[in-house]
Amino acid sequence: MEWNENGLLPLEWFKKMRRESPVVLSGNDDQVWEVFGYDDVKAVFTNHDIYSSSPFPDSEDPLEHSILRQDPPKHRQLRRLVTQAFTPRVVESLAPKIQSITTSLLDEAENKGRMDAIADLASPLPIVVIAEMLGVSLDHREQFKAWSDALVGNSGEAFNQCQREMSEYFAEIAEDRRRHPQDDLVTKLVEARIDNEHLTDLEIIGFCILLLVAGNETTTNLIASAMLGFDSLPDVRAQLLSDRSLIPGALEEVFRYFSPVQLMFRRVKQDTVLGGQELKQGQFVHIWMASANHDEKVFDRPEAFNIHRNPNPHLGLGSGIHYCLGSQLARLESKIAIETLLDRFPKYRRDRAEKLARMDSTMMFALKELPIVLT
Ligand code: HEM
């Protein structure tokens with residue numbers, strides 16, 4: 001069973017690149033390497049001594065000061081600090097909350113008889129969960145959405161503007177929690193110490209911004225892609241309806257097949273050789289997980305959407321020391337969303353009169369809308 005309507009996933013291009021130029025320079029200035037094969041992508045993810053996650057260490061952008069953009073030893077210290085907020089026990093304890101948010105979003109949709117799966121379910125769900133964890137007001141839900149869109153989009157201007165707005169917003173919240181501690185993540189961050197030093201404002205703000213970006217757009221796209229995939233492949237839907245225990249495996253296949261995050265990047269720290277090419281210190285590397293996830297050397301019939309793949313060693317959540325911190329949360333949110341949807345609307349169907357279109361983002365596989373008829 002295959003899906004690639006209107007060629008929305010660049011699978012043919014990935015295949016060509018894996019075959020003809022698996023590690024290749026792109027653009028005019030010879031500064032960026034594009035990496036397409038599974039083994040090479042994994043090597044870049046796991047060799048953090050050679051490939052730095054901190055491309056712009058001198059930048060004043062808060063996101064550049066977040067855990068995502070740190071190398072060891074700083075990365076290890078920050079990771080230890082925030083891991084406590086994402087232990088399996090903490091994540092599991094969020095299940096009732098996630099369930100009740102999902103139920104109320106679907107109640108609203110049921111009244112209308114139809115929904116845009118993105119605006120009405122897949123986007124608000126993770127936003128509300130993260131806002132709860134951070135301890136920030138839900139009145140800003142729409143604003144959060146606009147910010148996360150801008151942060152993963154292709155417009156540099158919108159990206160900078162939004163980082164400025166988010167910085168002001170979170171600086172105020174951090175200041176408030178210093179004075180009035182609460183039982184939330186921002187309070188933990190302002191109280192945390194590494195080597196007896198508090199985190200800087202830039203680091204705290206960077207982490208908050210990262211959680212919004214890393215947790216929202218990604219999970220939204222995973223849930224929307226799952227709904228799209230299960231609707232497009234009737235046999236898959238039938239199997240999931242008759243056996244709910246297949247849902248987690250099916251979601252892993254969504255991570256692989258659709259790759260909500262299509263690529264990540266690194267900077268070369270020291271001259272090295274990858275796939276027979278000589279990479280020079282200071283150059284950048286685009287690691288195409290979306291292509292690695294369709295590498296025929298690792299995945300049997302990669303263009304088949306197979307919910308029974310076992311093992312399914314996809315790289316959709318990264319690999320190595322930066323492996324997604326929110327992976328269990330993303331899995332739980334999407335499992336609850338899909339289970340509840342299938343329970344209540346087993347015959348939900350996509351409104352095919354509307355043409356699917358991708359958002360203007362190379363980094364994410366994100367649809368603009370996914371109109372659904374609920375029956
Ligand atoms: C479908 C959902 C998700 C996908 C596909 C995804 C993907 C990823 C990937 C690929 C990385 C590694 C980046 C790198 O190596 O440079 C990552 C890291 C990270 N993710 Fe996720 N993510 C998802 C959901 C979440 C959620 C729900 C949260 C938090 C609420 C989250 C928080 C993070 C954080 C904090 C990091 C940085 C970890 C570090 O640098 O050590 N992610 N994610």
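1. Let me start with a helix pair. Pro124, Ile127 and Ala131 of H7 meet Arg141, Phe144 and Lys145 of H8. By class, the residues of this contact are 4 nonpolar, no polar and 2 charged. Please keep in mind throughout that this is a predicted model.

2. The geometry of that pair is worth a look. Helix H7 covers residues 124-134 and helix H8 covers residues 141-152; they pack at an angle of about 110°, with their axes 10 Å apart. Because angles of 65 to 115 degrees count as roughly perpendicular, H7 is described as roughly perpendicular to H8.

3. Next, the sheet. Five strands make up an open sheet with mixed pairing, in the order E1-E2-E10-E7-E3. Its edges are strand E1 (23-26) and strand E3 (51-52), each of which pairs on one side only. Helix H2 (residues 38-46) packs on this sheet and touches E1, strand E2 (32-35), E3, E7 and strand E10 (284-288). The direction of H2 makes about 125° with that of E10.

4. E1 and E2 run antiparallel and are joined by 4 bridges, with Val23 having Val35 as its bridge partner in E2. The hairpin of E1 and E2 has 5 residues between the strands, and there Gly27 takes a positive phi near 70°. E2 and E10, by contrast, run parallel, again with 4 bridges; Trp33 stands opposite Val285 in E10.

5. Apart from its neighbours within four places in sequence, Val35 is in contact with Val23, Asp40, Val41, Val44, Leu274, Val285, His286, Ile287 and Trp288. Val35 is also listed, with Val41, Leu121, Cys208 and Trp288, among the residues that have the most contacts inside the largest nonpolar core, a set of 100 residues. Helix H11 (residues 201-232) gives the most to this core, with 17 residues.

6. Two cis peptide bonds may interest you. One joins Pro72 and Pro73, with omega about 5°; Pro73 is in the loop between E3 and helix H3 (74-83). Another joins Asn310 and Pro311, also with omega about 5°. Pro311 is in the loop between helix H14 (289-292) and helix H15 (327-344).

7. Finally, two non-glycine residues have positive phi. For Asn196 the value is about 70°, and for Ser259 it is about 45°. Asn196 is in the loop between strand E5 (193-194) and strand E6 (197-198), while Ser259 is in the loop between helix H13 (247-258) and E7. Are these residues buried or exposed? Asn196 is exposed, as 5 other C-beta atoms lie within 10 Å, and Ser259 counts as buried, with 26 C-beta neighbours inside 10 Å. The cut-offs behind those labels are 12 or fewer for exposed and 20 or more for buried.

Terms used:
Residues numbered from 1 in each chain as written. Predicted model: local features only at pLDDT ≥ 70, side-chain atom pairs only at ≥ 80, totals over all residues. Pairing = 2+ DSSP bridges. Contact = placed C-beta atoms within 7 Å. Axes fitted to C-alpha atoms, helices over the stretch in contact; angles between N-to-C directions. Core = buried A, V, L, I, M, F, W, Y, C linked by C-beta atoms within 7 Å. Parallel < 35°, antiparallel > 145°, perpendicular 65-115°, else oblique. Nonpolar A, V, L, I, M, F, W, Y, C, P; charged D, E, K, R; others polar.
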